[in-house]
Amino acid sequence: IFSSRESSFTLSIDRLEQRDEKAKLIKPSYVDIDSNNRPVNISAASAYREENENTDYFFTDLIAQMSLPAGDAIEILANQGTLNTGTQIMDLGGEITIISETGFLLRATEATFFIHDKTASGKNGVTGIAPFGRFSANTFDAKVEQEIITLEGNVKISFDPNKPLNI
């Protein structure tokens with residue numbers, strides 16, 4: 001009587017005419033493609049949105065996974081934030097970590113990440129590790145695909161003499 005095949009279903013809360021409270025999603029996942037047709041996978045411990053028409057999802061414990069042009073992966077971890085599915089902009093808060101397979105790691109407490117452009121910026125301090133050593137600053141702008149980080153305000157960079165410096 002029962003099939004051993006795995007089955008799935010989609011629950012669309014948009015079609016509910018009325019509900020008593022905000023719909024809270026447990027372990028939601030958002031899958032899309034970026035402007036270069038590469039996959040974008042975003043998951044969280046929980047998420048909700050204020051109203052059916054709203055494109056802003058408020059989340060906790062976000063994990064976003066994307067690919068760079070050469071195929072290297074990047075991962076973004078954040079305690080909390082907002083994902084606007086219309087503009088594909090993530091406003092992140094709490095402890096934020098951006099990691100690339102190419103050897104970059106950024107840590108901040110506030111950042112905005114533009115999914116389509118793969119750019120990030122933050123105005124509340126940043127520390128990090130790069131293939132050449134360590135860095136910190138008051139603000140940052142990162143072009144993730146080009147592996148370019150612009151630091152401003154109280155910039156400190158420590159070069160590791162044991163790592164190659166490709167300038």
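Colleague: In which strand is the place of Lys156?

Modeller: A word on the basis: this is a predicted model, in which local features need pLDDT of at least 70, side-chain atom pairs count only at pLDDT 80 or more, and totals for chains, interfaces and linings use all residues. Residues are numbered from 1 along each chain as its sequence is written, and side-chain values use heavy atoms, with hydrogens and water left out. Helices (H or I, at least four residues) and strands (E, at least two) are DSSP runs, numbered from the N terminus. In that numbering, Lys156 is placed in strand β14.

Colleague: How far apart in space are Lys156 and Phe135, C-alpha to C-alpha?

Modeller: Leaving aside neighbours within four places in sequence, Lys156 is in contact (heavy atoms within 4.5 Å) with Arg134, Phe135 and Ser136. Lys156 and Phe135 are 21 residues apart in sequence, yet their C-alpha atoms are separated by 5.5 Å.

Colleague: Which residue of β14 stands opposite Gly133?

Modeller: Two strands pair if DSSP finds at least two bridges between them. β11 and β14 (residues 156–159) run antiparallel and are joined by four bridges. Across this pairing, the residue opposite Gly133 is Phe159.

Colleague: And how many residues lie between β10 and β11 in their hairpin?

Modeller: β10 and β11 pair in the antiparallel sense over five bridges. Within the pair, Thr127 stands opposite Ser136 in β11. As for the hairpin, the number of residues between the strands is two.

Colleague: What phi does Glu147 take in the hairpin of β12 and β13?

Modeller: β12 and β13 (residues 148–152) run antiparallel with five bridges between them, and Lys143 stands opposite Ile148 in β13. The hairpin leaves four residues between its strands, and Glu147 there has a positive phi near 55 degrees.

Colleague: Is Lys27, with its positive phi, buried or exposed?

Modeller: Lys27 is not a glycine, yet its phi is near 55 degrees. Lys27 is found in the loop between β1 (24–26) and β2 (29–33). Buried means under 20% relative accessible area, exposed over 50%, and partly exposed in between, with a 1.4 Å probe and protein chains only. Because the relative accessibility of Lys27 is 71%, this residue counts as exposed.

Colleague: What is the relative accessibility of Asp61?

Modeller: Asp61 also has a positive phi, about 50 degrees, although it is not a glycine. Asp61, however, is found in strand β5. Asp61 counts as partly exposed because its relative accessibility is 42%.

Colleague: How many residues does the largest nonpolar core have?

Modeller: Such a core is a set of buried Ala, Val, Leu, Ile, Met, Phe, Trp, Tyr and Cys residues joined through side-chain atoms within 4.5 Å. Strands giving two or more residues to this core include β3 (39–43), β5 (56–67), β6 (73–84), β7 (89–100) and β8 (105–114). Leu92 is among the residues with the most contacts inside the core, and beyond four places in sequence its contacts include Phe59, Leu62, Ile76, Ala78 and Phe113. The core's residue count is 32.

Colleague: What share of the chain's 167 residues counts as buried?

Modeller: The chain has zero helices and 14 strands. Residues 24 or more positions apart account for 38% of the contacts with a separation of 6 or more. Of the 167 residues, the buried share is 34%.
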